[in-house]
Amino acid sequence: MTIRNLEAAFQPKSIALVGPNRHGDAVLRHLLHRLAAAGFPGAKALVSITVPEDIDPSGYTIASSLADLGFPADLVVYLGPADLAEDLTTTASIIGARVVLFASAGFDSFPEATVAACLRAARPQRLRLIGPGSIGLAAPHARLDLLVTRDPPLAGDLALIARSSAIVNATVTWAKARKLGFSGIAAVGQRSDVDVGDLIDYFAADIRTRAILLHIESLSNPRKFLSAARAAARGKPVVLVRTGRSRDAFATGKTHAGKVTQRDPVFESALRRAGILRVGDLDEMFEAVETLTRLRAPQCRKLAIIANGRSLATLAADKLIHGGGEMAELAEETRAKLAPLGRPEAVPGNPMTLPEAAGPEAFAAAIGAVLADPAPDGVLVLAAPNPFIPAGDIAQAIAAAAKADLKRLGRRKTLIAALIGEDPLPRSALDEAKVPVFASPAEAVRAVLHQIRSAEAQEALMAAPPSLPADFTPEPDKARHLLRHVLADGRTMLDPRETADLLAAYDIPMIETHLAADCDAVRALALDILTRHAALVVKVWSPDLPFKSDIDGLRLRLTSAEAAETAARDMAAAIMAKYPQARIHGFTVQAMHDARQTLEVFTGIADEPLFGPVMVFGQGGTSVEVSADVAHELPPLDLNLADNLIGRTRVSRLLQAHRGQPEKNRAAVALTLVKLSQMSVDLPELKELDINPLAVDANGVTALDARVVLGEPARQAGRSGASRLAIAPYPKEWEQVMPLKDGWEVFVRPVRPDDEDLFRTFFEQISPDDLRLRFFAPVKDFNHKFLSRLTQLDYDRAMALAAIDPQTGALLGVVRLHADPDHRTGEYAVMVRSDLKGRGLGWALMKLIIRYAQVDGIETIKGEVLKENTSMLAMCGALGFAIATSPDDAAIAIVTLPVHAAVARLDTP
């Protein structure tokens, strides 16, 4: 993750267009015209470019090479061929350029060897490369336009990041027609260096950007992308459209989990996890942009509808409710205000139906009355054409109502208009009033649903999960030993007994399971099992034939040892006749599970080539792939995420009580998913796992059958060590017992999302003055939103270490470090309970976070301290921090610590 030097792409002080120009004079004319029209104020140069006679080069420095320029060009726009790109990159790096844009008029690419050579040439000076195949950049506020698009972008607050030149062109033209502008536009092209994750980080920190719009096909580094998107989505909407689903490879695998895991559903779950609003096509993207860039209402779930036609209102209401919205219940006072405006003898309510001939005054009065009601979050206004009332007059009335509502005290509300069938739409007044307007009820309702989904995505980022049961104590070392033994034996699939042992190591209950080497062993095992159970099951075990139902390889409800032996012999003979090359390594012998009052579900772990491990849940049994009732989620999971995963399937409804069936233990299913998630974190060798079926009843869960496939973990982009996860897991390696003064010991561990109550109690024991010194302002309300920002961490970017009392479990102190996107500088904060000052806890936590910074590769720790906080400044001085006055506020000290030197001092006896 790095935004290093990207300011030179969007706020360059100087630009050089460098040839030889392989794109023709038309492209050169276009770029020079765009720079002139934008009014770029910095130095400009044309290097190694033959200027056509009809182009006036005044205002440009003309040079034969970059080395001959009299200034270092911040941004180099390369128009030349691929075979000269490496030399150009080397020269640009030497002269001090910060960004090279490999520009193109459309789709283009360089050979992989050329791209690799350019990256090597850029690396020593951290020169950033955009493209090849980029149709350019724009930053209208900086008067920069280097886009090869038909229309120039307007200045605004939307950032656009896309690979496709067609998407960029279409979006810029669409936005111009609606007077929507951009804070920045980047066409990434081949993504040799600067990628979508880098640009998300840049625009997330850009104060001019209110929303980020993305177009992607695939990802080069999912972990980097998801980390950047999650950080951005906490502060501003991120909208994404993905193309390329039809080109996704078909799923393969040796388990049901592997066979039902397609690329796009995993994309969907990853984007949901990051808080991104995904839209399906350009139409939806434009609707979402129109809504999210114009509306600033905090929520929009409960809506009121006003229309000059009952069927029109009902059509919109039906679509809203079907999409997950709600119709608000209007107050009696509001109904009384609406009564004179409605149809004769009609009862006013929601939807509110105006007469077909309702004029601008009636629309304005109805909108004002409904917006004043505290119940609705917003109003959707639908106006069908009327032969006697111009649509422009209705638009003016809606716009006037929106402006009048700005004077109302209280929370902001959504106002969306649909002027049905109008083409062109009378937009002018509505655009000025920032009211989204559409031509059909469906478009308008989808816009509302985009607003709802965007709010839900941001709420999901802050959801606090319940704590895991204290008695869940997995045995990862035992599991690792088992898996390494199997791999050392040259095998990639666990046998049934080993599978049962693996599940037992993570406290996942499984029906009594044994492995018989031959038919005689089946008989002996059956005699033993039938002393405890009424019936048993015999299954063929073959690593070549994992799906037993496909080969008639199981027998149920066997009640005698003779029947079990006979079943084993018959199955072996039939299978060997039909599959002579298959290896039969024995038989699985299990107790027969009582299926009454139970539901069979399916869960497991799949290996997606791009995202790594993926959790899968759905309907169980032999028809898993046919029913397609499955949902996916990236690990690590907590109980909230696991429950949401369950809820995204149809089979989840059967967990409720129905038709004489008691309610099933949904919490036990969620806990099983969390246990499997932890397994995927601990065991990078585990590639695929099925539990199918997992029997669920009122008391809990029991695994009836399972498969496990192994493989040596491969290094993946953005993931350290053997980890294959696309989201950084809980860093258990930082758990430790820390000795303090006077023999006092505390348990230190990373902060977890379920720590909200721990922090709330902790803050209640901090004096008001200590809270003010920590947060620079009085803090009295420890609400969920406040606490979630302290407890829900992206461990790729931040660490918070909590000191816990081993006896009581109380939080005693906490230290945190939040890295910048470049991962070079981290901002620290530390706090200990007010009654524990002077006992060395704060000092010990600071030393620990310094060592963490060293391990994490952070070069400098920084912080802001109120100058009146003399004890903190004294500790900073003792640790080696440099202390200076903030240039923005004389009451604040800026403290800075070079990590390498600090660690050397800590290691000095």
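**Figure 1. The loop around Pro 636.** Pro 636 sits in the loop that runs between strand E26 (630–633) and helix H22 (639–647). Helices here are DSSP runs of H or I with at least four residues, strands are runs of E with at least two, and both are numbered from the N terminus. The peptide bond from Pro 635 to Pro 636 is cis, and its omega is near 5 degrees. Most peptide bonds are trans. This is a predicted model, in which local features need pLDDT of at least 70 and side-chain atom pairs count only at pLDDT 80 or more, while totals for chains, interfaces and linings use all residues. Residues are numbered from 1 along each chain as its sequence is written, and side-chain values use heavy atoms, with hydrogens and water left out.

**Figure 2. The loop around Pro 351.** Where does Pro 351 lie? Look in the loop between helix H12 (332–338) and strand E16 (352–353). Here a cis peptide bond joins Asn 350 and Pro 351, with an omega of about 10 degrees.

**Figure 3. Ser 48 and its positive phi.** Find Ser 48 in the loop between strand E2 (43–47) and strand E3 (61–63). Its phi is positive, about 55 degrees, although Ser 48 is not a glycine. Most residues other than glycine have a negative phi. Ser 48 counts as partly exposed because its relative accessibility is 32%; buried means under 20% relative accessible area, exposed over 50%, and partly exposed in between (1.4 Å probe, protein chains only).

**Figure 4. Asp 552 in its loop.** Asp 552 belongs to the loop between strand E21 (536–541) and strand E22 (554–558). This residue, which is not a glycine, has a positive phi near 55 degrees. With 47% relative accessibility, Asp 552 counts as partly exposed.

**Figure 5. Inside the largest nonpolar core.** A nonpolar core is a set of buried Ala, Val, Leu, Ile, Met, Phe, Trp, Tyr and Cys residues joined through side-chain atoms within 4.5 Å. Which residues have the most contacts inside the largest one? They are Leu 17 and Phe 225, in a core of 90 residues. Helix H7 (residues 222–233) supplies the largest share of this core, 6 residues. Leaving aside neighbours within four places in sequence, Leu 17 is in contact (heavy atoms within 4.5 Å) with residues including Leu 28, Ala 45, Ile 49 and Val 77.

**Figure 6. A second, separate core.** This core has 73 residues, among them Leu 502, Ile 551, Leu 558 and Ala 642. In soluble globular proteins, nonpolar side chains tend to be buried together.
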